[in-house]
Amino acid sequence: RRAGGTTWARYHAEHTPAQQAREALENDLRLALGRPDEMHLHYQPIINFRTGQVVCMESLARWQHPRLGMVSPERFIPIAEESSLIVALGHRLLDTALAQWQSWRQAGLPVAPVSVNLSGRQLCKPDLADDVAALLHRHQMPPAMLQLEITETALAQAGTAPISRTLDALKALGVSIALDDFGCGYANLQQLYRFRPEQIKIDRSFISKIGLDPHSEVIVAALLSLSQNFGVGVVAEGVETLEQANWLWRHGCDVLQGFLFSRPLPATEMAAYLRDLPQS
Ligand code: C2E
Ligand code: CA
Ligand code: CA
Ligand code: CA
């Protein structure tokens, strides 16, 4: 029949193999939520280049898929965001990070604060700050030991009252906020001024061009002086070479994160890393 044929044709056109793969991945993701061996966190140390101390550990989601192997968060986080699974996933990862921090502390390791990436969708949840408070309480974690990373793009939507209220509630709890991927998004200076994140993280796309592209160097230098004037801390992301680290150091940025120091590590390796640090 003509009508049926059209519907079928449309169905077929709308379900390309790529879309089918995506739907399958979304279903698998729902299952992975309840499987700590599949969905877990790695931790990347953020270093004070001057003292060598670990100032923070960024938690990064890892999905060990039973058939596909390691699936990148660049692939599954967007799927989780579009399907709303991100709210449950984000909560689960926050719980995991805090539980891990507590167990390191109980093991007597010299723990640094841990940072957890938040999606814009989580920020839209009106009771996010209550969830965070409950998890801090459950894991007996001082709020100052938690940093939440919010992308500049998510903050740009913070003009909306509910997100702005959530951010204020999080700050009132005493957790710190880092503005992630800074330089790429659309947050304006007023938003930066209004929310006063404790830290901004300059995106790797700028850092990777230090020594190669004078334009990027001008941008990084401008971002550094901007944050110094705002009294906001800075982290340089994706530092891979000593040349980049030295350039940043000369320009007054000494908190660095990147493969030069360490890749994101499984929890057991992160514990060994902390254990082997020179005691200050
Ligand atoms: P991001 O938050 O900007 O995280 C930094 C990314 O840069 C990580 O990639 C990290 O492995 C990578 N990286 C760190 N140092 C270097 C370096 O020196 N060189 C290079 N080439 N890369 C470096 P990853 O783990 O693949 O995560 C990608 C993105 O996925 C994250 O970017 C973040 O936007 C998102 N993501 C990861 N975990 C989570 C999570 O738990 N929740 C949410 N909402 N998003 C997450
Ligand atoms: Ca981040
Ligand atoms: Ca980032
Ligand atoms: Ca990024």
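A polar side-chain atom of Arg-204 sits 3.2 Å from a nitrogen atom of ligand 1, a polar contact being a pair of N or O atoms within 3.5 Å. All of this comes from a predicted model, where local features need pLDDT of at least 70, side-chain atom pairs count only at pLDDT 80 or more, and totals for chains, interfaces and linings use all residues. Side-chain values use heavy atoms, with hydrogens and water left out.

Two other side chains join in. Glu-240 has a side-chain N or O atom 2.5 Å from a nitrogen atom of ligand 1, while a polar side-chain atom of Glu-58 lies 3.3 Å from one of the ligand's oxygen atoms. The protein covers 84% of the 800 Å² of accessible area that ligand 1 has on its own (areas by the Shrake-Rupley method with a 1.4 Å probe). Around ligand 1 there are 22 residues, counted when a heavy atom lies within 4 Å; Ala-61, Arg-62, Asp-180, Glu-240 and Phe-259 are the closest. Strand S2 gives the most to this shell, with four residues. Strands here are DSSP runs of E with at least two residues, and helices are runs of H or I with at least four, numbered from the N terminus.

Next come the calcium ions. Ligand 2 is held by Glu-58 (OE), Asn-117 (OD1), Glu-149 (OE) and Asp-180 (OD), at 2.1 to 2.3 Å. Donors are N, O and S atoms within 2.8 Å of the metal (3.2 Å for Na, K and Ca), and water is not among the atoms, so sites may look incomplete. Glu-58 belongs to strand S2 (residues 54–65) and Asn-117 to strand S4 (residues 114–118), so this pair ties together parts that are 59 residues apart in sequence. Glu-58 is buried at 4% relative accessible area, but Asn-117 is partly exposed at 30%. Buried means under 20%, exposed over 50% and partly exposed in between, using a 1.4 Å probe and protein chains only.

Asp-180 lies in strand S6 (residues 176–182) and Glu-237 in the loop between strand S8 (233–236) and helix H12 (242–250), so the pair links parts 57 residues apart in sequence. Asp-180 is buried at 6% relative accessibility, and Glu-237 is buried at 10%. Asp-180 also bridges the two calcium ions, ligands 2 and 3, which lie 3.9 Å apart.

Definitions and conventions: Residues numbered from 1 in each chain as written. Chains lettered and ligands numbered in written order. Polar contact = N/O pair within 3.5 Å; in protein donor to acceptor, adjacent residues only side chain to side chain.
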